[in-house]
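Here is a briefing on the structure shown below.

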Amino acid sequence: MRMARSTRIALVAVVLGIATGLIVFVGMAYVRTSPPTVDFATGHRAGQAVNVHMQTVGTYGKGTHPTWVSYLIQDPKTGRWVHTTLLDVPADTRVNFTIYQFDSGSPLRNQQVGLVQGTIGGKMSVNGKSLRLLNSYSNAGVAHTFSIPTLGVNVPLLGVSSPNLCGVAPCSTARWPHNVVRFSFVTPKAVGQYAWQCFVPCGAGWLYGNGGPMQTIGYMDGLLKVVQA
Amino acid sequence: MAETNGSSSPPTGTTGSGTPEPPHAKRMITFWLIISLVVDVLYYTLAGPHMPPGDMTSAASGAQFDLNILMICALPVILGVWTYLGYALYNFREGRPGTLLTGPMAHGNFRLQVGWMVGTTVLVLGLFVFGTAELIIPAGAGGGEGPDPIWTPTSHTVLPIQVIGQQWKWTYRYPTYGGFETTSLVIPDNTTIAFHVTSLDVIHDFWAYQLGIKADANPQQDNVAFTTTHQLGQFTVRCDELCGLWHGAMYGFGHVVTKAAFAAWATRTEAQLAANTKLLPPFQWTYVPDANGADGGYYPDNVDPYSKVEIYGAQKAKV
């Protein structure tokens, strides 16, 4: 049976429409791919501090970029480590950070980021010891920083001095050598997104260490999303 | 030949009714001169003082002056176009019988042609000379002049500030206050500043908007820009060279304060940061990053950083 010309045109149009839609859908899905956001704001009560737990690993160990250095955030509701650098925190609230640092360190390219700044008391605690400054030329150097330039927050993270480092995230504090860095700051009253990052050019293998994970949200760059709880 | 509405082949330069053509050119030019004068005066007195980037520094007020001069030259041009267009639309419109549909032919008018060529040539060449001179005055007009500036300020007590760009923030070193490095940019009023702009990684661009300062930050290059502060207040600093993921967050504020407040701030900050300053590399105009990535250190280029005039605030002789 021979189809009418109009039917054939309609059929071709429908097929083309579906194909175009699929291409656009896949393209947009790829472009809009984003790590998940860990929520520390929902259910928050005024006056209550928020506790954020993170870890830094020398190599994420799996996925698209297994050799990239990365941050992870622990979901407060499930306790699971999430491969992301996006987090929601309530406005005008004290946030207590605990970072489990599993990576090795080195002298800083710019020792200026060895200063602890913008935290409550202008200090941090490293394995229980209070510090205002990390000399990157001594001990194990600095592995990474947790820095929010627009809020003036900068915390250098002491490197791990051990040949036996965790290579696949999430890393267990019971098994792998690490440093525990604690600090707190108060989130701004204004809601908004505040870019945070590592200031150690730790993208090994990239020119000057600034490529790869240093330019990618979900690895060494993130957003502190301050919201009304 | 001009055409008329409702009649055939009237003589050029007359209406269809035979009345002599009014002096269109004189009318237009007279109207244009008057309105240009009025608009220029209104612009210069009312809008001019408020044009960006303001007059916080010599470079900023220079840029504002340049913008105002360009506007004063440009306004008569656009008013001339509008005057001609409006006059033609009104006088040569298709309306009552006997009116001209096109005006008298202008080609072959020697005075008009010469006037047009002379006028536009004077305007363009004048602005070229003016713009070139203003790029130089004062002391490079706030733009980066490279490591060896041709146009230098006359002051003999210039405050040097090193501006260091890195992905993604600015830090500032004050060599005449012990070389401390900070994320705060504070400068004194009524003082000539030499911004030495460099980068630790990729190309950035230091743009202190209200100061009228804009200089590329290139790795291993010392790009110098001068200005003299005139007003107290806050100014914005941003990066104006797309430099990566958080380029848009490379944004902050600086402050022009009194000389006394600056001295107090600089002395206090020098003391507060003394422990970290000891760990910084010796002050140099440029630093060479380690190309191997995370493995640290930035290294001096071993060029004497101290000049004979950039000594403002120097507690110790560093000439």
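Trp32(B) is partly exposed because 18 other C-beta atoms lie within 10 Å. The cut-offs: 20 or more other C-beta atoms within 10 Å of a residue's own make it buried, 12 or fewer make it exposed, and partly exposed is in between, with C-beta atoms placed from the backbone. This is a predicted model, in which local features need pLDDT of at least 70 and side-chain atom pairs count only at pLDDT 80 or more, while totals for chains, interfaces and linings use all residues. Residues are numbered from 1 along each chain as its sequence is written, and chains are lettered from A and ligands numbered from 1 in the order in which they are written.

**Around Trp32(B)**
- Trp32(B) sits in helix α1 (residues 24–47) of chain B. Helices (H or I, at least four residues) and strands (E, at least two) are DSSP runs, numbered from the N terminus.
- Beyond its neighbours within four places in sequence, Trp32(B) contacts Leu79(B), Gly80(B) and Thr83(B). Contact means C-beta atoms, placed from the backbone, within 7 Å.
- Met51(B) is 19 residues from Trp32(B) along the chain, and their C-alpha atoms are 25 Å apart.

- Chain B has five helices and 12 strands.
- Of the 319 residues in chain B, 34% are buried.
- Take the chain B contacts between residues at least 6 apart in sequence: 68% of them join residues at least 24 apart.
- The largest nonpolar core counts 101 residues, and Val163(B), Phe195(B) and Phe206(B) have the most contacts inside it. Such a core is a set of buried Ala, Val, Leu, Ile, Met, Phe, Trp, Tyr and Cys residues joined through C-beta atoms within 7 Å.
- Outside four places in sequence, the contacts of Phe206(B) include Val163(B), Phe195(B), Trp170(B) and Ile213(B).

**Strands of chain A**
- Strand β2 (residues 50–57) runs parallel to strand β6 (residues 94–101) in chain A, with seven bridges between them. Pairing requires at least two DSSP bridges between two strands.
- Gln55(A) faces Tyr100(A) in β6(A).
- β2(A) also runs antiparallel to strand β3 (residues 70–74) of chain A, through four bridges.
- Val57(A) has Ser70(A) as its bridge partner in β3(A).

**Domains of chain A**
- Chain A is assigned domain 1 (1–33) and domain 2 (37–227). These bounds come from an automatic or database domain assignment.
- The C-alpha centres of domain 1 and domain 2 of chain A are 46 Å apart.

**Interface**
- Contacts link 32 residues of chain A with 27 residues of chain B.

Technical notes
Two residues are in contact if their C-beta atoms, placed from the backbone, lie within 7 Å.
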